[in-house]
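This briefing goes through a structure by topic, beginning with a charged side chain and its partner and ending with a strand and its neighbours.

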Amino acid sequence: MGGTSADVFRVLFVCTGNICRSPSAEILTRHLLRGRLGGREAARFDVRSAGVQAVVGSGIHPMARAQLAPWGLDDAHSAGFVARQLRGDVLAGVDLVLGATPRHRSAILEEFPHLLDRTFSLREFARLAAELPRETLPPDAVARGHSVVAGARGMRGRVPAPDDDDIPDPMGGPPEAHRLSTTLIFDALRTVLDVLAPRNPPAPPSGPPRRPLPPPQVRHPAQQFRGA
């Protein structure tokens with residue numbers, strides 16, 4: 001996805017190895033955006049991922065990929081994924097950074113402190129975004145993205161935080177661990193996108209309202225063949 005900073009909103013998901021949680025979030029976000037906004041508007045979101053200790057060059061973990069099957073994303077959508085390390089060039093121009101856990105957020109800011117204003121953990125950002133008054137957000141997708149980030153930043157410390165904001169690392173665990181991770185990711189993404197990219201309302205009908213057609217006149221059976 002390309003474009004200038006004015007017409008593209010850039011999102012980066014971050015986990016540890018970039019083979020389970022962050023690629024799942026990346027792939028699911030792209031899919032959900034297309035479903036909500038359509039292809040043209042969804043293309044205004046540049047969604048990627050990286051890892052703080054990435055298994056560079058690896059594909060998405062098979063168990064993580066399997067959890068994308070309910071959305072039909074366990075084939076071509078994930079087959080071409082390649083893990084990459086979090087570096088300065090990966091973060092260039094990013095508008096929103098979402099870590100899988102608060103520890104990822106801390107690791108990002110330790111190395112890149114200038115990103116404090118746009119870096120959150122995913123579940124933290126979902127919780128803060130859900131508190132924003134949606135009627136005040138601009139309708140344009142990119143402008144709305146910037147407004148949501150600014151609003152979430154302003155909500156820090158004002159919304160009670162749970163004891164555990166993690167999306168647990170499923171690496172090395174059974175399929176159930178990957179299922180839990182994907183479920184938590186999806187739930188958080190759905191909350192975020194309800195604010196960031198709400199579904200377009202149906203367009204109102206154009207022109208004056210149509211008058212209803214008169215009911216059909218039912219002829220008596222004996223009259224059906226008269227004049228035939």
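In this predicted model, R87 has a relative accessibility of 41% and therefore counts as partly exposed, since that value falls between the 20% and 50% limits. The side chain of R87 meets that of D89 in a salt bridge, with an N to O distance of 2.9 Å, and the structure holds 13 salt bridges.

**Other salt bridges**

- D117 and R118 form a salt bridge in which the closest N and O atoms are 2.9 Å apart; D117 is partly exposed at 27% relative accessibility, and R118 is partly exposed with a relative accessible area of 25%.
- The side chains of R156 and E124 meet in a salt bridge at 3.9 Å, N to O. Because R156 lies in the loop between α8 (141-155) and α9 (175-196) while E124 belongs to helix α7 (residues 122-129), the pair ties together parts that are 32 residues apart in sequence.
- Within that pair, R156 counts as partly exposed at 23% relative accessibility, whereas E124, at 13%, counts as buried.
- A network of salt bridges links E41, R44 and D140.

**Strand β1 and its partners**

- Strand β1 (residues 9-15) is mostly covered, with seven of its seven residues buried; F9, V11, F13 and C15 lie on one side, and R10, L12 and V14 on the other.
- β1 pairs with strand β2 (residues 45-51) in the parallel sense over seven bridges, and L12 stands opposite R48 in β2.
- β1 also pairs in the parallel sense with strand β3 (residues 96-99), over four bridges, where G99 in β3 is the bridge partner of V14.

Technical notes: Residues are numbered from 1 along each chain as its sequence is written. This is a predicted model: local features need pLDDT of at least 70, side-chain atom pairs count only at pLDDT 80 or more; totals for chains, interfaces and linings use all residues. Side-chain values use heavy atoms; hydrogens and water are left out. Buried means under 20% relative accessible area, exposed over 50%, partly exposed in between (1.4 Å probe, protein chains only). Helices (H or I, at least four residues) and strands (E, at least two) are DSSP runs, numbered from the N terminus. Two strands pair if DSSP finds at least two bridges between them. A salt bridge is a side-chain nitrogen of Lys or Arg within 4 Å of a carboxyl oxygen of Asp or Glu.
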